[in-house]
Structure formats: C-alpha cells, structure tokens
Amino acid sequence: MAQPRRLVQGNEAVAEGAITAGARFFAGYPITPSTEIAEALSARMPAVGGTFIQMEDEIASIAAVIGASLAGTKALTATSGPGFSLMQEMIGYATMTQVPCVIVDVMRGGPSTGLPTEPAQGDVMQARWGTHGEHSIIALVPSSVHECYTLTVDAFNLAEQFRTPVILLSDAMLGHMREAVALPDRDELRIAERVDPDIDPADYDTVGSTIDNILPRPALGSPYRVHVTGLVYDPISGAPATASPRVAGDLGGYLREKIYHHHGAITRVEDFMMEGAEVAIFAYGSVARAARAVVRWARQAGVPVGMVRPITLWPFPVEAVDHMAEQVRTVIVPEMNLKQIAWEVQAAVGGRAKVVDHGRVDGQLITPQEIAELVKKEFYYHRFD
Amino acid sequence: MTDERLIVGPPDDHEMPTVKTHTTAELRRYLRGGKSLWCPGCTNGIVTRALIDAVLSLEIDPEKVVVIAGIGCAGRITSYLEFSTVHTAHGRALAVATGAKLADPELQIVVVMGDGDCAAIGGNHLIHAARRNVDVTALVFNNSIYGMTGGQAGPTTRESDRSKTSPFGNPETAFDICELAWAAGSTYVARGTPYAYRKLVQLIAGGIAHQGFSTVEAVSDCPTYYGRMNTKLDAAGMLAAQKEQAVRVERFEPGTDGGRYPVGLLHHTERPRFVDVYAEVRKRAGWRPGADGDGDEREGR
C-alpha cells in the first residue's frame with residue numbers, strides 16, 4: 001500500500017528510496033545541495049540496522065561504499081559537483097571490478113565551486129565519461145520528487161542486476177523542492193536482491209553465470225574466495241592478467257556489452273503528447289517540468305508539440321531519438337548546460353530533423369516562457385518555409 | 001627515522017599472542033601460486049610469510065580473513081595470498097576496508113599498504129581510520145621509496161637520501177608512520193623487521209588480535225632502488241643493517257639516532273571500537289534486530 005500523501009523534499013525522497021531498496025550503508029561528506037540526503041540517512045540507516053558514516057572526503061566515501069558493497073550490503077553515497085569529480089577514479093574502479101553501488105549527484109553550477117546553491121545539469125557528460133578509460137555506465141535522471149524515490153529504487157535494481165555503479169542525476173532544484181506525494185511501499189515495487197553464485201565455491205569464477213537476469217556477486221567472507229583487482233584481470237581466477245592483450249580486449253568488450261547488449265531493458269523514455277507532434281522538446285530532469293507545461297499550452301492552442309523525456313540518460317536512448325527523428329521536423333533540446341546532450345541528440349538524429357539547442361549556465365531555471373519562444377519560432381519559420 | 005619527538009613508554013602489561021612458525025608446505029595452502037613480481041632480495045616476501053604465520057597462529061577462520069591492499073609493490077600481495085583479497089586504488093585501501101568492516105563486523109581485515117600508499121596519497125584515510133578506531137589491522141610495508149614506479153622519493157624517504165626524484169638528496173623531512181598513527185589515535189602501534197622474523201609474526205598477530213585500529217610497520221628492504229642509490233648494500237647487507245639499526249623499544253633512547261629506530265610494541269591502549277560504538281547508535285535510533293521483519297538479524301545487512 002502506498003504511504004499517505006505528504007510533503008516530501010527531493011533529497012528526502014532519495015533517502016527514503018534507498019531505504020526501500022534495501023540499502024543498509026551510506027558513506028558521504030557534507031556538500032550543498034545534497035547534504036539533506038546524508039542528514040536523513042544519518043537517522044534512518046541506524047534505525048533499520050544499517051550504517052551511516054561521514055567520511056573524511058568524497059574519495060573515502062565512494063571507497064567505503066565499494067567496501068560495504070563487496071561485503072554484501074547495498075550501499076550508496078550522495079554528493080554534488082566537486083565531490084562527484086573527486087569520486088571519479090573510484091567510480092571507474094567500481095565499473096572495472098563490477099561492484100554494485102549507487103552514486104547520487106545533486107547537480108549544481110560549476111565548474112569548480114561554481115554556484116553551490118543553484119541548479120545545473122553540467123555533470124551529465126561527467127557522469128558518462130568522468131572516469132578514465134573505456135567503460136560503460138548507467139545514469140538515471142528524475143524530474144519529480146516521486147521519481148527521486150522510485151528511480152533510487154530502480155538505480156539499486158540496475159546496480160544489482162548488472163553488477164555496476166549506477167548514477168542518479170538530481171539537481172539543486174529537484175533536491176530542495178517539496179511536492180505532495182504518496183510514495184509506494186516496498187511491496188509495490190520490484191526490488192532486485194543480491195544473489196550468490198549457484199555454483200560450488202570450488203568451481204566459482206569471478207564473472208560467473210547469470211541467475212534470473214542478475215549477475216551474482218559473492219560477498220567477502222563467504223565460501224567464495226573473492227579476488228578483486230582494478231587491474232585487467234582473468235575472468236575465471238580474478239587474477240591480474242595485464243600481459244594478455246586478448247584478456248584485456250575481451251574484458252573491455254564484456255564490461256561494455258553487459259550494459260549495451262541489454263540497453264533495451266535499461267533504457268526508459270517517456271513520450272508526452274507525441275501523437276501527431278511536428279516539433280519535439282527533448283528535455284530531462286527539472287527542465288522537463290518546464291517543457292511539459294509548454295507542451296500543454298501548445299496543445300491547448302492546437303500547436304502540435306510533444307516531449308520526449310529520457311529517464312535513463314546513459315546508455316543514451318538512441319532508439320527513442322531515432323524514432324523521434326523519423327516523426328518530427330525539429331527537436332528542441334533545452335538544458336542547464338551548453339549543448340552537452342544536444343550534441344548527443346544531434347548525432348542520433350543524423351540530419352533527419354533540425355536540432356535546436358538552448359542552454360543556460362547562470363544557475364537559473366529554464367522557464368516555460370523561454371521554451372515557448374523557441375517553439376513559436378519553429379512554427380513561425382515553418383509558415384514561411 | 002625517529003628523534004626525541006617519539007613518546008614511547010615501555011609497553012604496558014598487554015599480553016602478546018603466542019605464535020608459531022609453520023612449514024613451507026603448511027603456508028603454501030594460503031598462497032595462490034604463480035610468479036611474484038617482487039625483485040630478488042626484496043623483503044616483502046618475508047613480511048607476507050609473517051602475515052600467514054600470524055593468521056595461522058591465531059587460528060582464525062581463513063574464510064573470514066580479508067586482505068585489502070592499495071597500489072604499489074606491497075599492494076601486489078593480493079595476487080599472492082589465497083584469502084579473499086581486494087586490490088583497491090592507490091591510497092584508498094583503508095577507506096574501502098572501513099566500509100567492508102562496518103558492513104560485516106565479522107570480517108578479519110588486514111590492510112596492506114606501502115609507505116607512499118599509506119602516508120602520502122592515503123595519509124588522510126590513515127589518520128581518520130585511526131581516529132575512528134576502525135577494527136582493522138594496517139600492515140605497512142615501509143621500504144622508504146616508491147619501488148613500483150622505479151625508485152622515487154616518498155613520505156618516509158629520509159632527508160638527504162637519494163632517489164630518482166631527489167638526485168641531489170631529499171630536501172624533505174620524513175614521516176615516522178608509527179608516530180603518525182599513534183598521534184592520530186591508533187590503539188595498537190608496533191614496528192618489526194624481517195630480520196627479527198618471529199617477533200614480526202608476533203607483532204602482526206598482536207595487531208590482528210587487537211580490538212581496534214592497529215598499525216604494524218614492517219621495515220622492508222628495497223635493494224633494487226633504495227639500497228643501490230643510498231646504502232650501497234646488497235640484500236644480505238641491508239638485512240644485516242636491520243639488526244644494527246633496529247633497537248628494542250625497552251632499550252631505545254630517543255635522540256640517539258644514527259639511523260636507529262625502536263622496534264616492538266610501541267603503543268597500546270583500549271578504546272571502544274567503532275563497530276561497537278555504532279551498535280549503540282543503532283540502539284539509540286530504535287533498531288532491534290529482526291524488528292523490521294526482513295528476517296536478516298545481522299547488523300549492517
């Protein structure tokens with residue numbers, strides 16, 4: 001049964017989502033605008049038998065999260081731009097060593113200390129490519145308080161299923177906003193649990209088999225002798241195998257394909273009033289809220305505009321963009337950065353539709369009026385084409 | 001390595017565990033086999049053997065032994081030991097171990113780090129793990145140089161010593177890892193040498209048995225880089241030098257340096273472990289094992 005309807009803040013919803021998902025370990029370091037997640041979990045974690053620890057920095061935070069996850073516990077950290085930058089090396093470590101964990105990045109204006117209290121979407125490419133080396137990653141973007149909750153649960157599910165770090169990209173507006181929501185209970189949601197390998201410990205190999213679509217990850221201290229390294233490793237023994245180009249190439253391919261081969265199961269996109277749309281607004285996160293308002297206004301006025309909203313940002317929803325490019329003549333990409341996702345859309349559209357980018361990096365939200373102006377232009381010029 | 005700043009009283013009446021050494025055949029069960037990349041004459045292998053002897057002497061469940069290491073020559077121990085092992089990123093082993101220990105307090109975690117790993121890039125994690133009294137054992141292989149990258153100066157390289165990055169002599173002052181850990185709150189601090197092997201086994205075993213954050217500095221020789229560029233001694237000569245320079249703490253007189261350093265149990269005290277303190281936090285937060293109905297009564301899960 002859903003919980004009673006109440007006012008919940010985005011950051012609080014993330015914290016509650018983590019508890020619902022079964023996370024029992026949080027390590028973090030105070031940073032605006034994510035701090036409320038740590039504050040909430042400092043009370044909630046011990047109350048459910050879990051652990052909250054405030055570490056000495058963000059590097060230690062993600063490292064402790066990885067340690068807790070290796071010991072068999074669902075774990076998360078939450079941070080913002082500067083802390084997210086500090087975590088990058090260990091996020092790469094978690095992708096290489098296939099450690100499930102969730103990293104919440106409540107985006108604020110950057111670079112550097114930037115605009116600590118203002119929203120931005122400047123970390124979307126860092127989420128994709130922030131760590132060094134070829135790797136794949138999953139990133140989800142909520143656009144409501146309700147989604148801050150449900151996507152945190154989904155983030156844990158994906159992390160467990162694909163044995164990988166998952167990034168939840170919130171922002172300063174969403175994190176601090178309060179909405180009246182009735183959050184679903186645990187029994188209304190799908191919860192993916194950690195599974196042990198189903199083979200004899202003596203035959204255990206590190207990569208292992210898939211069990212019910214979940215990649216097993218035995219815990220430290222279990223009968224499965226765990227051998228983890230950030231070096232290129234042999235998939236059977238887990239031992240470093242840096243002298244073998246074949247092993248290195250195969251592992252690199254495996255780490256990419258275990259995500260990309262299943263992108264259909266990972267990718268989620270919301271089409272909003274796309275029926276008959278000639279112009280699409282491709283918007284994510286808090287910007288999608290403004291875009292939704294514009295689509296409603298436009299439709300009331302009989303203007304055929306729709307919205308395509310990626311919920312999964314990485315892997316990039318190429319198929320949805322492909323579908324959109326076949327339907328509309330213009331795609332408007334408003335985002336609180338300068339073209340980070342617009343370039344990605346442009347590549348996927350491949351010249352089949354016009355791509356109009358619109359960015360802001362002044363810490364201010366993109367308003368519905370701003371987007372409406374862009375929409376108007378598309379119909380104005382269209383008339384004179 | 002030390003001067004009058006080091007405050008070492010005689011060790012208290014803390015009882016050290018009884019240890020025994022094991023045959024190579026007995027020890028081999030806990031080695032994965034394969035080639036080691038440690039150089040001939042490197043004493044890391046002796047410290048590794050001492051660690052296995054210590055674990056076997058304590059008769060702890062090998063399944064629960066987890067070795068978490070950083071990057072560098074010492075970090076490679078994870079490839080050789082047949083326990084659960086985690087080879088982390090450079091400097092981060094203690095932070096990873098903190099998470100693992102809090103998530104599963106039953107794990108017996110030994111964190112192996114080199115001197116650069118522990119006191120330079122990982123220095124922040126060392127002092128905070130010590131401050132929290134996280135119940136793990138930090139076993140530091142101190143060879144006073146960055147060996148894996150080819151012999152650069154590090155935080156424990158002595159002043160005036162030569163290295164690939166201090167060709168005119170090291171202009172910096174060295175850290176004493178034991179002093180550092182002690183000052184930060186480590187509740188068990190010891191230093192041993194491969195030369196005094198049996199004592200080293202006992203100091204490591206004492207650290208593992210200790211309830212709280214223990215620091216064991218194992219003086220290790222790097223004849224390939226440190227020796228070649230400084231003492232001009234070969235591997236055997238460097239081991240012999242340990243005998244000359246290592247002075248039992250009871251007999252050590254601060255200020256009479258000349259390269260001498262105290263060995264043995266340097267500091268020991270009792271203070272609640274972080275896992276125990278946090279168990280109290282859970283109680284204050286209202287948690288009762290099994291109360292949330294998820295059927296898993298283990299703390300941290």
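**Figure 1. The contact between chain A and chain B in the predicted model.** The contact joins 42 residues of chain A to 38 residues of chain B. On the side of chain B that touches chain A, at least two residues each are supplied by α3 (77–80), β2 (84–87), α4 (93–103), α6 (123–132) and α11 (274–284) of chain B. Of these elements, α4(B) gives the most, with eight residues. Sorted by class, the side of chain B that touches chain A holds 15 nonpolar, 13 polar and ten charged residues.

**Figure 2. Pairing of a strand of chain A with a strand of chain B.** Strand β10 of chain A, residues 227–229, pairs with β2(B) in the parallel sense, and three bridges link the two. A:Val228 has B:Val86 of β2(B) as its bridge partner.

**Figure 3. An open sheet of nine strands with members from chain A and chain B.** The strand order is β10(A)-β2(B)-β1(B)-β3(B)-β4(B)-β6(B)-β5(B)-β8(B)-β7(B), and the pairing is mixed. The edges are formed by β10 of chain A and by β7 (246–248) of chain B, each of which pairs on one side only. On average, and with direction ignored, neighbouring strands of this sheet are turned by 20 degrees against each other.

**Figure 4. Strands β4 and β6 of chain B, with a helix packed on the sheet.** Strand β4 of chain B, residues 137–142, and strand β6 of chain B, residues 214–219, pair in the parallel sense over six bridges. Within this pair, B:Asn142 stands opposite B:Val219 of β6(B). Helix α2(B) packs on the sheet and touches β1, β3 (108–114), β4 and β6 of chain B. The direction of α2(B) makes about 160 degrees with that of β4(B).

**Figure 5. Helix α8 of chain B across strands of chain B.** Helix α8 of chain B comprises residues 197–209. The helix lies across β3, β4, β5 (188–192), β6 and β8 (261–268) of chain B. Relative to β5(B), helix α8 of chain B runs at about 160 degrees.

**Figure 6. The two assigned domains of chain A and their contact.** The domain assignment divides chain A into domain 1 (1–266) and domain 2 (270–383). Taken over C-alpha atoms, the centres of the two domains of chain A are separated by 29 Å. In the contact, 26 residues of domain 1 of chain A meet 20 residues of domain 2 of chain A. The elements giving two or more residues to the domain 1 side are β6 (115–119), α5 (124–129), β7 (138–140), β8 (165–171), α7 (172–176), α8 (245–260) and α9 (263–266) of chain A. The largest share of this side, four residues, comes from α5(A). By class, the domain 1 side has 17 nonpolar, six polar and three charged residues.

**Figure 7. Packing of helices α1 and α2 of chain A.** Helix α1 of chain A (residues 10–21) and helix α2 of chain A (residues 35–47) pack with their axes 8 Å apart and at an angle of about 40 degrees. This angle is why α1(A) is described as oblique to α2(A). The crossing of α1(A) past α2(A) is right-handed. From α1(A), the residues A:Asn11, A:Glu12, A:Val14, A:Ala15, A:Ala18 and A:Ile19 take part; they meet A:Glu36, A:Ile37, A:Ala40, A:Leu41 and A:Arg44 of α2(A). By class, this contact has seven nonpolar, one polar and three charged residues.

Figure 8. A:Pro33 is placed in the loop between β2 (25–28) and α2 of chain A. A:Pro315 belongs to the loop between β14 (312–314) and α11 (318–327) of chain A.

**Figure 9. A residue of chain B with positive phi.** B:Glu59 is not a glycine, yet its phi is positive, at about 55 degrees. B:Glu59 is located in the loop between α2 (44–58) and β1 (65–69) of chain B.

**Figure 10. The two assigned domains of chain B and their contact.** In chain B, the domain assignment gives domain 1 (24–270) and domain 2 (274–301). The C-alpha centres of these two domains of chain B lie 34 Å apart. Their contact takes nine residues from domain 1 of chain B and five residues from domain 2 of chain B. On the domain 1 side, α4(B) gives the most, with three residues. By class, that side has four nonpolar, one polar and four charged residues.

Notes
Residues numbered from 1 in each chain as written. Chains lettered and ligands numbered in written order. Predicted model: local features only at pLDDT ≥ 70, side-chain atom pairs only at ≥ 80, totals over all residues. Domains from an automatic or database assignment. Contact = placed C-beta atoms within 7 Å. Nonpolar A, V, L, I, M, F, W, Y, C, P; charged D, E, K, R; others polar. Pairing = 2+ DSSP bridges. Axes fitted to C-alpha atoms, helices over the stretch in contact; angles between N-to-C directions. Parallel < 35°, antiparallel > 145°, perpendicular 65-115°, else oblique. Left-handed = near helix turned anticlockwise from the far one by under 90°.
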